[in-house]
Structures are given as C-alpha cells and as structure tokens.
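Me: Hi! I'm new to this one, could you walk me through it?
Reply: Happy to, let's have a look together.

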Amino acid sequence: MSGYLKGMVLLSLLAGAASSVFAEQAVGVHADFLSQGIAYRLLSEKGLGFEAIGRFTFRQRNDTPAYYNFSGALKILKIMNPGRRFRMFLGAGVGLWNVQGKFEGSDHIVYDWESYWQFDNKWGMSSAFIVGADWLIFETGEDNWISVVPELQFGYYSRPGHSYYGDGYYGEPYTIVLPGVGIGMRYVW
C-alpha cells in the first residue's frame, strides 16, 4: 500500500472518530487566498472546530512530463453565536501549495526557447487571520442546512507566478501581504 493511500485511510479514520465528538459537520466548496477546492468542517457544540480545504489537479499530454498542482488549507474556527441562522466566526488558517511544471529560467537572455523553461517542483506557504459569516440560508431537513460562507482575511500569501504560455507554465513564485476575501457554500448537518 502506497504512503499516499495509507495517509488517506488514516485521515478518513481520524475524521470518522472525531465526527462522533463534534456536534456539526459540513461539506462543500470554498475559494479564498489560502486555498480553493472541496471543504470539510467539524465544529463542537460551542462552535469551536476546524475546516480543511483542498484540491489536486493532474495533467498529462503526449510525450511530455506530467504536471500537477496541489493546494490545501487548514483553518481553526470559532463561531461566536452557534445557535443562530446568521453566525459570525473568527479564525486563523495556514495554506500550502505545491506545483510541478515548467518555470521561467533564471537566465532571461536565452536564445533557445526550450532552455528558457525549466521543469521544476516548487511550493509555498500562506497564513491568514479570518473574520467571516456562516449564513444558513436554506433548510433541507431537520438540522440540515445549505449555507453561504463569505470571509474577510488578512494574511501573508504565497503564490506561483502565472505565465501567458498556457497550462503547466509558471513564472517565479511570489509572496505578498494584503487583505483577502473568500466565498464558499456548505451542506451542514
């Protein structure tokens, strides 16, 4: 069994065991400056918990190396008024990204197009403080809701640079400190 598969099985077992302790779970999608993708949240009865967000893309073209892009985030959240439909929360999060692709070479005076791009694996890390809302907008059953989750963030963000030459081509990674925003949708039970 591969290390990746063992990790996924262990994570699933831990999430299953933790879910019996926690009062609320949610699954959905989310996009913010820390990460984008599928979101899973566990909260205690008092509104304290965590949320994990992640995505993975893999591309393979004819006779070229495979490219992948992974990003994930882990957030610690505290919902201030857990018994209401419009709930405010505070939190902090850490995000991580890893990209394998062709990055611009360090020597920009190159006459050979192929030597300008170097196949490389690069990663970065971000962190942010979060203020947000979990607005329960539509009840789908007893204690089951669809919620919208807008967020304001302030953090230190790291990103791979984008290139105009298509998928799998990146500029040098960069970091920036600034306010950010996020939005998501969850199924809460």
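Me: Which side chain does aspartate 32 meet in a salt bridge?
Reply: In this predicted model, aspartate 32 meets lysine 75, at 2.5 Å from N to O. A salt bridge here is a side-chain nitrogen of Lys or Arg within 4 Å of a carboxyl oxygen of Asp or Glu. The pair links distant parts of the chain, with aspartate 32 in strand E1 and lysine 75 in strand E4 (residues 67-79), 43 residues apart. Strands are DSSP runs of E, at least two residues, numbered from the N terminus.

Me: Is lysine 75 buried or exposed?
Reply: Lysine 75 is buried, with a relative accessible area of 0%, and aspartate 32 is buried too, at 3%. Buried means under 20% relative accessible area, exposed over 50%, partly exposed in between (1.4 Å probe, protein chains only).

Me: How many salt bridges does the structure hold?
Reply: Eight. One of them joins aspartate 134 and arginine 41, with the closest N and O atoms 3.0 Å apart. Aspartate 134 lies in strand E6 and arginine 41 in strand E2, so this pair ties together parts 93 residues apart in sequence. Through shared partners, Glu24, Arg41, Arg87 and Asp134 are joined into one network.

Me: New topic: what do E6 and E7 form?
Reply: A hairpin with two residues between them, where aspartate 143 in the turn has a positive phi of about 60 degrees.

Me: And how should I read the numbering and values?
Reply: Residues are numbered from 1 along each chain as its sequence is written, and side-chain values use heavy atoms, leaving out hydrogens and water. Local features need pLDDT of at least 70, side-chain atom pairs count only at pLDDT 80 or more, and totals for chains, interfaces and linings use all residues.

Technical notes
Pairing = 2+ DSSP bridges. Helix = DSSP H or I, 4+ residues; strand = E, 2+ residues; numbered from the N terminus.
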